[in-house]
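Hello,

Here is the structure I promised to pass on to you. My notes on what turned up in it follow below, so please have a look when you get a moment.

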Amino acid sequence: MAETSAKPPLAGRLVYRHNRITRLTHWLSALALMILFMSGLQIFNAHPYLYWGSTSDPDKAFFSIGASQDDDDVRGFVDVYGRKIDTTGFLGVQQGVFGPQARGFPSWLTVPGYYSLAAARRWHFFFGWLFAITGVLYLLYNLPAGHVRKFFLTPHDINKVPAMAAYYLHARRTSPQEGEYNPLQKMAYTGVFVILAPLILLSGMAMSPQLNIAFHWLPALFGGRQSARAIHFILAFGFLFFALGHVFMVLTQGFLNNMRSMTSGWYKEKIPVVIETPREAASPRAALVSSEQEAEKSNEAES
């Protein structure tokens, strides 16, 4: 019978992957990030301009979202370093009860949906503290347990990043992954924990007048309060892209298995099943020769 090149079947083995604190902080952080992003867009709508430095002159903004009116035609636009991009139907203008009206980000993307700077700030500050507290709780519990080390990028992992990227691009047949997380996942998680999270918290604190009195060096750390606001806005979209990539990985790498892991803690590992093929029966002649050889050895031993 001809040999086949079929891949061996896979069997599942349940392992306890995420503890209770990890699961709790994961879902609380996910909720907090969503509300922070949406309420932040509402806060931005109050003054849809970004600057570098400390001054806030709309004529010197490097980024803005607005609307222009030509007779009855209202058009939305995004201005990036003096170049206007038409964004009608997406940003800059929204159809309201009394017709089109200027609005940076649409109501379905902001918290609250109606315009209220005060309400948006209350939502933002509450969930900002929730995000910070859950992050500290996660680190305090998981650092001593060694859980955090599993997805931190190491020099050994850096050498495997190109090979992992080639595997995702189908330019490589085998994955270089070792352990629970591959090099690209570790690079993303390390970037979030080491760069994104600390910077977005510090830049948010640098915009607070009350904190500026006690920590006057905070705005200077970012080159001014307006620079801190611009960096905070850009980093928020960095978190958004990370979240979208995370969701994409969950959907494509076993949605039900990953969801079970983050709700119950148990993850089903896929391990190859080794199927042993039975040896072929010996021919009658080979069996006869073998029995004769055993008989000769028995006679020699007796003599």
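Angles under 35 degrees count here as roughly parallel, over 145 as roughly antiparallel, 65 to 115 as roughly perpendicular and the rest as oblique. The axes themselves are lines fitted to C-alpha atoms, for helices over the stretch in contact, and angles run from 0 to 180 degrees between N-to-C directions. Helices (H or I, at least four residues) and strands (E, at least two) are DSSP runs, numbered from the N terminus.

Two words on the source. This is a predicted model, in which local features need pLDDT of at least 70 and side-chain atom pairs count only at pLDDT 80 or more, while totals for chains, interfaces and linings use all residues. Residues are numbered from 1 along each chain as its sequence is written, and side-chain values use heavy atoms, with hydrogens and water left out.

Helix packing comes first. Helix H1 (residues 20-46) packs against H8 at an angle of about 135°, with the two axes 11 Å apart. H1 and H8 are therefore oblique to each other. Their crossing is left-handed (the near helix is turned anticlockwise from the far one by less than a right angle; clockwise would be right-handed). On the H1 side, the contact (heavy atoms within 4.5 Å) is made by His-26, Leu-33, Phe-37, Leu-41 and Phe-44. H8 brings Arg-229, Phe-233, Ala-236, Phe-237, Phe-239, Leu-240 and His-246 to this contact. By class, the residues of the contact of H1 with H8 are nine nonpolar, two polar and one charged. For these classes, Ala, Val, Leu, Ile, Met, Phe, Trp, Tyr, Cys and Pro count as nonpolar, Asp, Glu, Lys and Arg as charged, and the others, Gly among them, as polar.

H8 (residues 225-252) also packs with helix H5 (residues 183-206), at an angle of about 150° and with axes 9 Å apart. H5 and H8 are therefore roughly antiparallel to each other, and they cross in a left-handed way. Among the contact residues are Tyr-189, Val-192, Leu-196 and Ile-200 of H5, and His-232, Leu-235, Phe-239 and Phe-242 of H8. This contact of H5 with H8 divides into 14 nonpolar, six polar and one charged.

H1 has another partner in helix H2 (residues 117-145): the axes come within 8 Å and cross at roughly 155°. That makes H1 roughly antiparallel to H2. The crossing of H1 and H2 is left-handed, and the contact residues divide into 18 nonpolar, 10 polar and one charged.

Two backbone details are worth a look on screen. The peptide bond from Val-111 to Pro-112 is cis, with omega near -5°, and Pro-112 sits in the loop between strand S7 (99-103) and H2. Tyr-81 has a positive phi, near 50°, in a residue other than glycine; Tyr-81 lies in the loop between strand S4 (73-80) and strand S5 (83-86).

Best wishes
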